[in-house]
Amino acid sequence: MKRFIPIALAALAFSALAADAGLPKLAKKATYKIGFAQTETNNPWRLALTASMQGEAKKRGWKLVYTNGNGSAAKQVSDVDSLIAQKVDAIFLSPREEKPLAPAVLKAKKAGIPVFVIDRNVDQSIAKAGRDYVTFIGSDFILEGQRAADWLIKATKGTAKIIELEGSLGSSPANDRKTGFDERIKGTPGLEIVASQTGNFTRDEGRQVMEALLQAHPDVTAVYAHNDEMALGAITALEAAGKVPGKDVIIVSIDGEKDALQAIIDGKLGATVECNPRFGPKAMTAMVDYANGKKIAIKLTNDDRFFDISNAKASLASSY
Ligand code: AHR
């Protein structure tokens, strides 16, 4: 047994080193040219993420090459190709969907460019943090779904007919927010998801989907939306159908954008779990640490707040 421990420790250390050895190196420089591959610009959360990345790069005097996937995974894959061709020093990738963007990470690795995956993750069976890209920086989307469920269980006293508005299909927040929520409500038999459909993370699609689902389920008493924009769309649909959001139908969502905090103050939205979009400082500090040879954890999780009527007003001015 005594002889086994040092051998096991050595094997562990070796596997950590082996993972690092496969990653492209990043030189220490006074300034960098970095790439940021954004998914789309269809909501305030995305705009806040872009502003944070651009603002932090500017503050550091770095050049940031920005690409916009315009809501298409295929376009985002070609955006990463273009960043590789432009020989950026590092790529910050916010992948639209888990599977299609994973090979793009492998391509960048092959080209010797370190990748930092931010916000959403890629499929770990294709590209792995610490082996194919440096780290994943983002929120715990499963926890977000669980926190939304916990709030709803309390607010509805454990009895509700729920419509779930899902995020973009195939994206990690849509997958994980569903998993976290579903797991949590399992133990409360009075909570029933009567319909679950994607609203693609946008206000207008959230409204349209809610309008259609309301026809089939006029007796709905709660909405769980995977982001604030869809919750705001659902509020419009409910009001158009003569229902009072916040009274007839209790709503919970995720993000923490300004309009959502205002909707909480107005009594229409019950609560929103924060998903912080301000990645710039954390992401670029991780990159500098990596260039300086520091060991970077394969996952850097954001600490997110929770907004309800107790703090929405105080948080409004600093929201996006
Ligand atoms: O990946 C994070 C999610 O993507 C945000 O909740 C949503 O608003 C955005 O489009």
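Biologist: How much area is buried between domain 1 and domain 2?

Modeller: This is a predicted model, in which local features need pLDDT of at least 70 and side-chain atom pairs count only at pLDDT 80 or more, while totals for chains, interfaces and linings use all residues. Residues are numbered from 1 along each chain as its sequence is written, and side-chain values use heavy atoms, with hydrogens and water left out. Buried area is the accessible area (1.4 Å probe) that two parts lose on being put together, summed over both; here it is about 1,200 Å², with carbon and sulfur atoms giving 47%. Trp45, Arg120 and Ser139 supply 38% of what domain 1 buries against domain 2, more than any other three residues.

Biologist: How many salt bridges are counted between domain 1 and domain 2?

Modeller: A salt bridge needs a side-chain nitrogen of Lys or Arg within 4 Å of a carboxyl oxygen of Asp or Glu, and the count between these domains is zero.

Biologist: Is Ser196 buried, exposed or partly exposed?

Modeller: Buried means under 20% relative accessible area and exposed over 50%, with partly exposed in between (1.4 Å probe, protein chains only); Ser196, at 31%, is therefore partly exposed.
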